[in-house]
Amino acid sequence: MAIDLHTHSTESDGTDTPTELVAAAAAAGLDVVALTDHDTTAGWAEAERAVRDQAGHVRVVPGAELSCQCPDGQGRHITVHMLAYLFDPRSEALVAEQARLRAERRTRLRVMATRMADDGFPVDPDALMDALPEDSPGGRPHLARMLVQAGAAEDVNDAFARYLGNHGRYYLPRTDTPVFKAVDMIAEAGGVTVLAHPFATARGRTVSARTIAELAAAGLSGVEIDHPDHDSDAREQLREIAGTLDLVPTGSSDYHGTNKTIPLGAETTDPESLDRLAQRATGSKIFG
């Protein structure tokens, strides 16, 4: 069984609609795919319809990716991403926090686009925002695509490397959810949490093994090990940590459609791991 537990659709910063994502998963030979858009569950209903209407047999794990502020174990705070699965999307605390994050993402995106336009870049902030799905968490990839389309960047990666990355001139920080609060919110909503790509050093500073242990003690269910941004050493270290802390190990592509070059199913999750996560969750069910 082929399982990919980390993908994005047009409801956040991917380029496939939820329907297209289900079809792409079937074409890639996947049996299960998780929809984990940033800070939104807006794609769940469409994904569930696609599962019912499809010719194949792909199942969808409903989820989301939460942007969190986390202590790095050295007296500082860094941004980490938390994958949340099978929670109740109607949870009041979670709905409110996701709405706050989406609004902040959109405000941040407009400010970044306006600053670039003021500096002479071929960027139209109004057109950028009007093209976003209603109430979606607009992100830097949307601005990056506009730069590519205007010929101001070779591709999305180039736009991030030159302008929009964490050390780029036009980068703006955001106020993320405290990571322990995120774990609590998802647990209260009947879901489970998996720490996404925790040792991806190419993204910046990473959490320590001690911080992962603290998260496990607070209710973290799993850790994403097999990820395109993890080298063999990172994977080996994380497997040891997961084994010691009894965390569920997962693997995922972190698929974003054409925004990234990583294909669906590039990394996968063992069926036993999915079973362990599903057995702990009470907030919602796998579609299909």
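**Figure 1. Aromatic pairs in the predicted model.** The model shown here, and in each view below, is predicted. Ring pairing gives a count of 4 aromatic pairs. One of them joins F121 and Y163, with ring centres 5.0 Å apart and planes at 75°, so this pair is edge-to-face. F121 sits in the loop between α3 and α4 (125–130), while Y163 belongs to helix α6, so the contact ties together parts 42 residues apart in sequence. F121 is buried, at a relative accessible area of 19%. The cut-off for buried is under 20%, so F121 falls inside it with its 19%. Y163 is also buried, at 12% relative accessibility.

**Figure 2. F121 and Y170.** F121 pairs with Y170 as well: the ring centres are 5.5 Å apart and the planes stand at 80°, so this pair is edge-to-face. Distant parts of the chain are linked here, with F121 in the loop between α3 and α4 and Y170 in the loop between α6 and β5 (177–178). The two residues are 49 residues apart. Y170 counts as buried, at 5% relative accessibility.

**Figure 3. An aromatic cluster.** W44, F87 and F287 together form one aromatic cluster.

**Figure 4. The buried side of helix α6.** Helix α6 spans residues 156–164. Its buried residues are V156, D158, A159, Y163 and L164. These residues cover an arc of only 150° around the axis, which puts them on the same side of α6. They pack against two helices, α3 (92–118) and α5 (140–149). Y163, from this buried set, is also the ring that pairs edge-to-face with F121. The N-terminal end of α6 is capped by D155. A side-chain oxygen of D155 lies 3.2 Å from the backbone nitrogen of N157.

**Figure 5. The packing of α5 on α6.** A pair of packed helices is described by the angle between the axes and the distance between them. For α5 and α6, the angle is about 105° and the axes are 9 Å apart. That makes the two helices, α5 and α6, roughly perpendicular. On the α5 side, the contact residues are R140, P141, L143, A144, R145, L147 and V148. On the α6 side, they meet V156, A159, F160, Y163 and L164.

**Figure 6. Two sides of helix α10.** Helix α10 runs over residues 271–280, with S273, L274 and L277 buried. Viewed down the axis of α10, the buried residues fall within an arc of 100°, so they line one face of the helix. The face turned away from that buried side carries the exposed residues E272 and Q279. The buried residues pack against a set of strands: β1 (3–7), β2 (32–35), β3 (59–71), β4 (77–85), β6 (192–195) and β8 (248–251). D270 caps the N-terminal end of α10. Here a side-chain oxygen of D270 lies 2.8 Å from the backbone nitrogen of E272.

**Figure 7. S273 and its surroundings.** S273 lies in helix α10. At 5% relative accessibility, S273 is buried. Leaving aside residues up to four places away in sequence, S273 touches V248 and P249. L247 is 26 residues from S273 in sequence. In space, the C-alpha atoms of S273 and L247 are 9.5 Å apart.

Figure 8. Phi of D246 is near 60°, a positive value in a residue other than glycine. D246 is placed in the loop between α9 (232–245) and β8. This residue, D246, counts as exposed, at 52% relative accessibility. The cut-off for exposed is over 50%. D254 has a phi near 60° too, again positive in a residue other than glycine. D254 is found in the loop between β8 and α10. In contrast to the exposed D246, D254 is buried, with a relative accessible area of 4%.

Notes:
Residues numbered from 1 in each chain as written. Predicted model: local features only at pLDDT ≥ 70, side-chain atom pairs only at ≥ 80, totals over all residues. Heavy atoms only, no water. Buried < 20%, exposed > 50% of the residue type's maximum accessible area, 1.4 Å probe, protein only. Helix = DSSP H or I, 4+ residues; strand = E, 2+ residues; numbered from the N terminus. Arc of directions from axis to C-beta. Contact = heavy atoms within 4.5 Å. Polar contact = N/O pair within 3.5 Å; in protein donor to acceptor, adjacent residues only side chain to side chain. Phe/Tyr/Trp six-rings, centres within 6.5 Å; stacked < 30°, edge-to-face > 60°. Axes fitted to C-alpha atoms, helices over the stretch in contact; angles between N-to-C directions. Parallel < 35°, antiparallel > 145°, perpendicular 65-115°, else oblique.
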